[in-house]
Amino acid sequence: MAQSKATTFRFDASPDALLGVLIDPDFQVAREKVQGSVGAVVTDVRRSDTEYVYQVKTTDYAKTLTGIDRSKTETALCTYEWDLSRMRCVWSWQGPHGKKARTWGNLRISPAGGGATLELDFNIDVKVPLVGRKIEQLVLREVEPGWVRYEAVIREWLAR
């Protein structure tokens, strides 16, 4: 059974400005770097006035149950599907463990008193007998520190 976390950030920027940052390919690379990725490449899949779909391929040091193994790297692919008119995004992550680990979430931008809010949720489902729940808990422990770094890089980009 999947486990989830959610949070909301408030920014002193318009929803359009916040959306502009979040869909900027250079921001995607900067965001991945602050999260510890060794490299990131953004590829557009589809774009129109109402929709933007892109993928971010990352290279990271290998993660094990005991920590990070800097002697190996792994690649992952995250697909973001933005409904630009509603300022909503659904994302899904595919990592080196294939269908055994499923990670996905949502981003929602809303106006808020002259600024904007960003609501996020993160979901993980690891289908490995006996240790799946433990792996989910280990990953979820990293979500909140990751959100702190994510919020900081958004604020930095909004200040530009």
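Predicted model: local features only at pLDDT ≥ 70, side-chain atom pairs only at ≥ 80, totals over all residues.

Student: Which pattern does the protein chain follow along the sequence?
Tutor: Count the pieces before you order them: there are three helices and seven strands. Now read them off along the sequence, and you get β-α-α-β-β-β-β-β-β-α.

Student: Where does helix 3 bend?
Tutor: Helix 3 covers residues 132–158 and reaches 38 Å from its first C-alpha to its last, close to the 39 Å expected. Still, there's a bend of about 30° in helix 3, with proline 145 following within four residues. The bend sits at glutamate 144.

Student: Which element gives the largest share of the largest nonpolar core?
Tutor: That core has 36 residues, and Leu22, Trp82, Ile109, Leu118 and Tyr150 have the most contacts inside it. Its largest share is seven residues, and they come from helix 3.

Student: Which residues does tyrosine 150 touch, leaving out those up to four places away in sequence?
Tutor: Tyr150 is one of the buried residues of helix 3. Those buried residues pack against strand 1, helix 1, helix 2, strand 6 and strand 7. For tyrosine 150 itself, the list is Phe9, Leu22, Phe27, Arg31, Gln35, Leu107, Leu118 and Leu120.

Student: Is methionine 87 buried or exposed?
Tutor: Methionine 87 is in the loop between strand 4 and strand 5, and its phi is positive, near 55°. Most residues other than glycine have a negative phi. For burial, look at the relative accessibility: methionine 87 has 13%, and under 20% means buried.

Student: And leucine 130, is that buried or exposed?
Tutor: Leucine 130 also has a positive phi, about 70°, although it isn't a glycine. You'll find leucine 130 in the loop between strand 7 and helix 3. Its relative accessibility is 88%, and the cut-off is over 50%, so leucine 130 counts as exposed.

Technical notes:
Residues numbered from 1 in each chain as written. Heavy atoms only, no water. Helix = DSSP H or I, 4+ residues; strand = E, 2+ residues; numbered from the N terminus. Expected span 1.5 Å × (residues − 1). Bend = angle between axes of the 7 residues up to and from the residue. Buried < 20%, exposed > 50% of the residue type's maximum accessible area, 1.4 Å probe, protein only. Contact = heavy atoms within 4.5 Å. Core = buried A, V, L, I, M, F, W, Y, C linked by side-chain atoms within 4.5 Å.
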